[in-house]
Amino acid sequence: MRPSPPPPARGILRWLSPWFSAYALAGLLVNGMVPVMLPVTVKPAGPVAVAVVVAAFFLGQLTAPLIGSLADRRGWQRPLFLASFPVMAAAAVAIGTGSSIAVWIPAAFAAGAAAGAAQTLGSVFIVEGHPKEEWDTRIGWFRFTFGIGQVGGLAIGAVFADGDLTTGWLVAAGAIL
C-alpha cells in the first residue's frame, strides 16, 4: 500500500518551496555582502580599484541571460542552479583571502555570474513548474526570501566590516555553501 500524499499546504506555506532558501543565499551575497563588504575589502587598493572590482561583480551578473539560454538549450537548469552556490562560496573565499586586484576582479566576476545564474534559473523553476495564475504570487514570495538573505548578508557585513573582513567573507561562503 502506498502512503498517502501529505495534505496540501495552507496559507503562506502554499506559496513557498523549500528550495527558495537557496535563493535567500543568493540575496545574502548579491544585496547583502557585496554592497558592504566588497568596497571595504578593496578600499586599501584605492577608489579606482573599488570601482573596477564592484563593476566586475555586476558585469558578471550581466551574463545571466547567456547562462539562462545555455541552461534552456541543454536542459541544464538544475545543474547550473546548484553549481552556482559552490561558485559563489569559492568566490567569497577568494575575495576574502585575496590581497590584490588581480584576485578580486575575477572572483567578483565569478560571484556575479553565479549569483545571476541563481536568480535567473530560480525564476525559471516557477514559470515552468507552476500555472501562470500562480506566477505573480510565487515570484513575490520568492523575492521575499531573497530579501531575507539580503538582510542576513547586511547583518554579516555590519558585524565584520569594521573588523576582520576575511572572517566575514568566510562566514558568508560557509552560509552559501
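These legends accompany several close-up views of a predicted model.

**View 1. The salt bridge between E134 and R138.**
Let us start with a pair of charged side chains. Side chains of opposite charge can pair when their charged atoms come close. The structure holds 1 salt bridge, and its partners are E134 and R138. The closest N and O atoms of E134 and R138 are 2.8 Å apart. Where does this pair sit? Both E134 and R138 belong to helix α6, which covers residues 132-160. Along that helix E134 and R138 are 4 residues apart, or about one turn. Are E134 and R138 buried or exposed? Both are buried.

**View 2. Helix α1 against helix α7.**
Two packed helices are described by the angle between their axes and the distance between the axes. For α1 (residues 20-42) and α7 (residues 165-176), the angle is about 170 degrees and the axes are 11 Å apart. Angles over 145 degrees count as roughly antiparallel, and α1 and α7 are therefore roughly antiparallel to each other. The crossing of these two helices, α1 and α7, is left-handed. To find the contact in your viewer, look on α1 for L25, L28, L29, M33, M37, L38, V40 and T41. Their counterparts on α7 are L165, G168, W169, A172, A175 and I176. In this contact of α1 with α7, 12 residues are nonpolar, 2 are polar and none is charged.

**View 3. Helix α2 beside helix α5.**
Here the helices are α2 (residues 47-61) and α5 (residues 101-129), whose axes come within 6 Å and cross at roughly 30 degrees. Angles under 35 degrees count as roughly parallel, and that makes α2 roughly parallel to α5. The crossing of α2 past α5 is right-handed. On the α2 side, the contact is made by A49, V52, V53, A56, F57, L59, G60 and Q61. On the α5 side, the residues are I101, W104, I105, A108, F109, A111, G112, A113, A115, G116 and Q119. How many residues of the contact of α2 with α5 are nonpolar, polar and charged? The contact holds 14 nonpolar residues, 5 polar ones and no charged ones.

Zooming in on helix α5, we come to A111. Its relative accessible area is 1%; under 20% counts as buried, so A111 is buried. Which residues does A111 touch, leaving aside its neighbours within four places in sequence? A111 is in contact with L29, F57, M88 and A91. One of these, L29, is in α1, where it also takes part in the contact with α7. F57 belongs to α2 and is part of the contact with α5. In sequence, A111 and F57 are 54 residues apart, yet their C-alpha atoms are 6.5 Å apart in space.

The axes of α4 and α5 come within 8 Å and cross at roughly 150 degrees. That makes α4 roughly antiparallel to α5, since angles over 145 degrees fall in that class. The two helices, α4 and α5, cross in a left-handed sense. Their contact, α4 with α5, comprises 21 nonpolar, 3 polar and 2 charged residues. P86 is found in α4 (residues 77-97), and its relative accessibility of 41% makes it partly exposed. From P86 to P65 is 21 residues in sequence and 20 Å in space, C-alpha to C-alpha. The loop between α4 and α5 contains S100. With a relative accessible area of 28%, S100 is partly exposed. S100 and G147 are 47 residues apart along the chain, and their C-alpha atoms are separated by 31 Å.

**View 4. L16, ahead of helix α1.**
Our last stop is L16, in the segment before α1. L16 is partly exposed, at 29% relative accessible area. What does L16 contact, leaving aside its neighbours within four places in sequence? Its partners are W141 and T145.

Notes
Residues are numbered from 1 along each chain as its sequence is written. This is a predicted model: local features need pLDDT of at least 70, side-chain atom pairs count only at pLDDT 80 or more; totals for chains, interfaces and linings use all residues. Side-chain values use heavy atoms; hydrogens and water are left out. A salt bridge is a side-chain nitrogen of Lys or Arg within 4 Å of a carboxyl oxygen of Asp or Glu. Buried means under 20% relative accessible area, exposed over 50%, partly exposed in between (1.4 Å probe, protein chains only). Axes are lines fitted to C-alpha atoms, for helices over the stretch in contact, and angles run from 0 to 180 degrees between N-to-C directions. Angles under 35 degrees count as roughly parallel, over 145 as roughly antiparallel, 65 to 115 as roughly perpendicular and the rest as oblique. A crossing is left-handed if the near helix is turned anticlockwise from the far one by less than a right angle, and right-handed if clockwise. Contact means heavy atoms within 4.5 Å. Ala, Val, Leu, Ile, Met, Phe, Trp, Tyr, Cys and Pro count as nonpolar, Asp, Glu, Lys and Arg as charged, and the others, Gly among them, as polar.
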